[in-house]
Every structure is written in C-alpha cells, then in structure tokens.
Amino acid sequence: MTINATRQYFPRQATILLIDDRVENLKPISDCLRNTGYEVRIAKSGIKGLKLLEQLTPDLIVLDVMMPEMDGFETCRHLKTWEKTKDIPVIFMTAATDTSNSEAKVKGLSLGAVDYITKPMQVDEVLARIKTHLHLRFLTLQLQQQNIQLQQEICDRKQAEVELAVQTRRLALRSDIGLALSQETELSAMLFRCTQALVDHLDVAFAQIWTLNSQDNILELQASAGLYTHTDGTHAQVLVGDSIIGHIASQRQPYLSNDIANDPNISDPEWARWEGIVSFAGYPLIVEADLVGVMALCSRHPFHQTTLDTLASITHEIAVGIERQQLAQALQDSQRWLKAINEANPNIIYIHDWVERRNVYTNREIHTILGYTPAEIQDMGNQVLSILMHPDDFDIVWDHQHRIKYAQIGDVFELEYRMRHKNGEWRWLFAQETVFKQNADGTTRQTLGAAIDISDRKQIELALRQSETRERQKSQALQEALKQLKRTQAQLIQTEKMSSLGRIVGGIAHEINNPANFIYGNISYARTYFQDLLKLVQLYQNTYPEPTAEIHQLSEEIDLEFLVEDWDKLIQSMQIGIERIEKIVRSLKSFSKLDEAQLKPVDIYECIDNTLFILQSRLRAEGNRPEIKVIKHYGQLRQVTCYASLLNQVFFNILDNAIEALDYQSATRSITITTELSTPNSTLPPSIIIRIKDNGIGMSDKVRQHIFEPFFTTKPVGRGTGLGLAVSHQIVVEKHKGEIRCISALGQGSEFIIKIPIILGASVVSVLNY
C-alpha cells in the first residue's frame, strides 16, 4: 500500500500510537505502518502512553493487552473516560492464546475497543483492519464537521431573519405613517398616529411633534405618544432658538445624542436619569426649504444606525403630511391638496370604485412600482384587475370585496397580492384599504388604499424557505449516513463475536466428542466381557459347589448376587448417558457452524430444538424460581430453504432475551413456540410464520419502537451491547427477505413474530449474499 492509497481513506497523514512493552513486537508493526505512509508514535507502557497523549492526539491507538503495571484493559478504560481520547478508535493487540478466552475479548469490546489483532500478526490483515477503522474515524470526523457547518448556516439564516424583521418593521412603520398621513383629516390626529407608529415600531420611550407658528415664531406641541401623551405643560410652546427643540428649529439640523445625562445641551439631565432616558434624536420637519415643525424622540437605549436611517427617511413624509393638513385647513380644498400629498407619497395611493370596478384615482408612484402612468391605469377601465392581477390572487380580491362591502368608515383592511409590471415581471404588493365613500344603503362604494412594493421581502422569504429545505435535506442525509455507519459497526462487532463463539463452541464439542466416542465404543465390549466372566464364575460354582472360605468371604463382601443383578442396569444407564452426551455434542456442532453461508433446505424444528437444547440449563428450576416451560405448537411443514446457521442466531437471541425477561418473574414461567403457514396469496411466495411468546415483564411502547436499532439496550452496562435484535432484524429482513416484528406491553409479556419465505429463490440469493 502506498501513501496515496492510504489517503484515499484519510485525507491527511494519519497518526497511529503503538503501546506495547516489548520491543520485538513494536518494531515489525511500526516499520510496516511507516512504510505504508502512516506517522507512528510509540509508548512502551500504558502509563507512558497516557502521558504521551497529553501532547498528542492520534487518529488510532494499537494497544497490547498484557503489560506490566497497567494492562491494556485498564489503559483503555482511562482512554474512554478522558474527553480528549474517548472517541479515538482502539485496537487491542494480543497473543493467539489470549484470544481463545472469549470473556477477555468481550471485555475489551465492552470497554470501547473496535477490534482485535492476533499475534503473530498477518501484515495484510493488520493493514486492512487499520485502514477500515481509520476510514470509519474519518467519516465520524467528517460528520462532526458537517454538523458544525450546519450550525453556522443556521446562525446565518437567523441573522437573515433578524435583518428581515428589521426591514419588515421599517416597512410597517412607513405603511402606518403613510396611512396616517393619507387617512386623517385632522392635524393633531394625524400626527398622533405618526408618533404612535414611531413608538410602536422603533421601541422608543416617547415621540413628540411640534408645528411652527410662523406668525409668533414659536413651536406648538401637536402630538405626543408613549411615556407622555398630554400636549400641555412646559413644552407645549417652545420659542424658536430656545432649548434643544428651539435650537433644532433655528439651525434646521438634526441633533443626536446617546448620552443625554451628560449632554450640556439637555436642560434637565436629572429628569433623564430619573426616567432612565439615555438617548435623544430631534429632526427639523422641512418641506421645500420651509420649516413646518420639529420631531423629537427619546429612548431608554442608544439609537442604532438603522433606526436613525429610518427616522431620516420618514421626516420628509411627516413634514409633507403637516403641510398637507395646514394647506387643507387654509385653502379648504382638501381634494386638490390630498392629491398633492399623495403624489409625494412613496407608496401607491389609489381610490377604487367597486361599482364601476375601476380605479378612479392613482398617484404617480404606480409608474415607479408597476411601470404604468396614472393615465394608462385609467384607460384600462374595469379591466384593470383582469389585466394586471395574478390569476391565482383573484380569490383574495373577491374575498376582500366581500369583507369590505359592509365595512364602516375608519375600518382598515390589509391584503397581499401580485400585479404584473409593464415589463412582464410579477410584483408583490402589500395594501391597506379603508372606506372612502358609501352608497345610500350604507354599502361601500369606494375605498382609499395605499400599497407598497414588498417584492424584495417576498424574495427573501422564498430564499429562506429554500434554504430551510436544503438544510433539512442535508440533515436527513447526515442522519442516514450516521445510521449506515452504526449498522456497519454493529455488523463488524457482531460478526467477530459470533465467529469467536462458533470457534469456542466447535472446539468444546470436538473435545467432548473424543472421550464420548471412546466410552460409547467400549460399552458393548464391556457388556460382552462381563457376560463371559459371569459364565466362567457360574461354571466354577457348578464345578466346585463348595467354595473355599476365602472365596466365600469375598463373595459376601462384594455382594456377588446384587452385583450380577445390577450390572445390566448399570450398563443401560451408561448407554443412556453416553447417548445424551452424543446428542449434546451434535447440538453444539450444529450451532457452532455460525460462518456457514450455504443456502439449503433444513429442518426448521431441528434448528429451534438445538437452540433450546443449548439453553436447557437456563430453563431448569433454580432456587426459588420454577422451571421455564417450553410449549411447542409445531405445524406439519418442516423443510425450509434458508441459512440455517443465521436463523440459529435469530432463535438464540430471541429465546435468550425471553429467558432474561422471565428472570424477574417468580410465578409460572413459560415460552410458547408456534409455527404456521401464511395465508395463500397469488402475488406473494408461501412463508412460514414462527411465533415466540413469553409471559415475562414485557416492555413499553417507547422501548419497543427502538429494539431493532443497533446498540440500543435496556440492560445494565456490561450485560448487553444492543446488537442481538438489530442483527436478527438484518438476518430476517435483508438476508431472507422476510419480516420480524414484536408485540409487547408492560406486564403482559412479549411476542416476536418471524415470517420467512419457505423457498428463497436462486435469483434472489446473489443479491442477498454478504
């Protein structure tokens, strides 16, 4: 393997820490890893390895089990409790004699190790295992990095939402002020709505507006909202040039301060401290070089630049509104001056006649937003909506017409819709309408509306929705990758465990079989030899009926008559015992073939019975707990084409869990096994259904929903890995194209239902092989 091949699975030079107390073990593996392109660091004891890890963060640790002072298991336990190293994969390195101890291997895996390497080592196997676990490590780190990126994108999206909210508030403020300026016919009411809009949308303590009495050269307070709503008192009239308000009027320049408690131009800083006011913003209201008033705002927090930009942009609108009212009052020609004000408004202002179904008035702003002149809108007549409105929004307009038909003057209605620009583009408009003229019967004849272009806001909302969709898709992909990673890890661990178990069980069966065959083969000879000796004794007794005293005494001591009578019973007991041992050996040898991958017809009931035979010691009565009764309801079908060794694992896992569930029950304990054929169906192959039911403690719905997930377990640490049912699900569903499900409730036991095809077709086998 070359360095480039190594980086195919890990995008940088991977660092591997070797911990072993013997130099003869370290040198060959370290040389091999360095030649492959890895950076290798060495520690000659577990304590030195932990010390080295204070400065080093390797990508993988190869750890010897047998070491003085601190063995590999204790070292691994320290690694997994240390935040810095708990996620680094650990591979145990141990002698072949040590791996025969399955408890030691299970202990290592339960401590968090990912694999075992057996000494003497096979170089290709070692490199392959290290490469696999480095690849898994890289996928895990990549997943973590993608999660960080996802969090950053979420932060960016939230920032965009904040900016959108600010923009929306500004649009709402402009809309409210625009409506106040266009709807109110009385100056004080119009300005109060403006100040109230400033308080509502800019989060200020209070806002006030003065108008100029040019004859007396004084400013008269017209509206106040927020902390103060009265318009009388010391500030009701301010001489131009006097105090900060009069100074703004005389200088015709805005005045801004974010520390008014220490501002020498503020006349009453003690009042500011008492009320908690920290900032002040004042603007002259000027229309075409003529001063018409002053607007002032006070806040309990500093003004942000966005707020100041908003205030600067609306002062002209308010100034124009004041001028409109003053001109209307002076000239008594409200219609002409209303038109003048509307033409200066940055929003579309229109009057719609619901009887004639056309706009009888539209300001010039419609040309800026939709590209049509007011004259072109008039020429469209009652076709204006059918020509300009988006077809999907007609229902909105009809619903709006129905709501506004019986509205009262002063009622305000809002709606959003799309209109076609003269260049063909669709523009989103936000409109607010109120009754402008009524028919004799009180129904609405004309409405006055103000509409603003919110296309930019809609585009931002669309972009946010698309971004949310993309992020959701990324999250789903990450979850699927994590799920696949867990399944792969579970399969690796379970395969290694079951392979070790098969070798151990097979070895035990072989060792028992040799002496058992010896005994079984010699029983018949022992019976024959004894019969021959018995005939000889009887011949002696017939030939010499009077035995000597010594022979008579020995016959009394050994109770010759009982010995002759009991010998056949003894031989028969030995025969039964050796046949039972032979049956145990056959069951063990059948169960030990866990790596057998051959698909063949098997007796499914023999598989179940062999598994029960292996678990027989746990089914017997023990202490105060009665025996577990196994009730069998087998059907007539016996032969099933399947992977027998894999189904043995499924039966073993389910029956083992059932026995553990019954450990907590002292009353009658039973396991019921039922088999049946599936209902004939022309579209589905015939299947056998195997039900394994216990009367144990059962499980909750919350637990039942997760039992087939890898590494999910309710057992204490060290008693379960959460792999048994996950692997069983994989064997039944993926390997045999079957089904497995569980029915359970607390206090009512559990029932596992397994359904597999009777014949697994040859065309499917090639796809299903591991």
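**Figure 1. Asp-453 and Arg-427 in a predicted model.** Asp-453 is partly exposed, with a relative accessible area of 29%. The structure shown is a predicted model. Asp-453 forms a salt bridge with Arg-427. The closest N and O atoms of this pair are 3.5 Å apart. Asp-453 lies in strand β16 (residues 444-453) and Arg-427 in strand β15 (residues 426-438), so the bridge ties together parts that are 26 residues apart in sequence. Arg-427 counts as buried, because its relative accessibility of 17% falls under the 20% limit.

**Figure 2. Arg-300 and Glu-275, a loop paired with a helix.** A salt bridge links Arg-300 to Glu-275. Their closest N and O atoms are 4.0 Å apart. Arg-300 belongs to the loop between β11 (290-299) and α11 (305-331), while Glu-275 is in helix α10 (residues 269-275), so parts 25 residues apart in sequence are tied together. Arg-300 is partly exposed, at 44% relative accessible area.

**Figure 3. Lys-474 and Glu-471 within helix α17.** Both residues of this pair lie in helix α17. Three residues separate Lys-474 from Glu-471, about one turn of the helix. The two form a salt bridge, with the closest N and O atoms 4.0 Å apart. Lys-474 is partly exposed, with a relative accessible area of 41%. Glu-471 counts as buried, at 11% relative accessibility.

**Figure 4. A salt-bridge network of Asp-353, Glu-356, Arg-358 and Arg-445.** Salt bridges that share partners join these residues into one network. Side chains of opposite charge can pair when their charged atoms come close. The structure holds 29 salt bridges.

**Figure 5. The second largest pocket, with about 690 Å³ of space.** The lining of this pocket has 23 residues. Closest to the pocket centre are Val-537, Gln-541, Ile-551, Ser-555 and Leu-560. Rolling a probe the size of a water molecule over the atoms shows where empty space is left.

**Figure 6. The lining of the second largest pocket by source and residue type.** Helix α17 gives the largest share of the lining, seven residues. By type, the lining of the second largest pocket divides into 14 nonpolar, five polar and four charged residues.

How values were computed
Residues are numbered from 1 along each chain as its sequence is written. This is a predicted model: local features need pLDDT of at least 70, side-chain atom pairs count only at pLDDT 80 or more; totals for chains, interfaces and linings use all residues. Side-chain values use heavy atoms; hydrogens and water are left out. On a 1 Å grid over the protein atoms alone, a cavity is a set of points where a 1.4 Å probe fits but cannot get out, and a pocket is an open set with protein on both sides within 12 Å along at least five of seven lines; lining residues have an atom within 4 Å of a point. Grid points are joined across faces, edges and corners, and a volume is the space filled by probe spheres set on the points. Helices (H or I, at least four residues) and strands (E, at least two) are DSSP runs, numbered from the N terminus. Ala, Val, Leu, Ile, Met, Phe, Trp, Tyr, Cys and Pro count as nonpolar, Asp, Glu, Lys and Arg as charged, and the others, Gly among them, as polar. A salt bridge is a side-chain nitrogen of Lys or Arg within 4 Å of a carboxyl oxygen of Asp or Glu. Buried means under 20% relative accessible area, exposed over 50%, partly exposed in between (1.4 Å probe, protein chains only).
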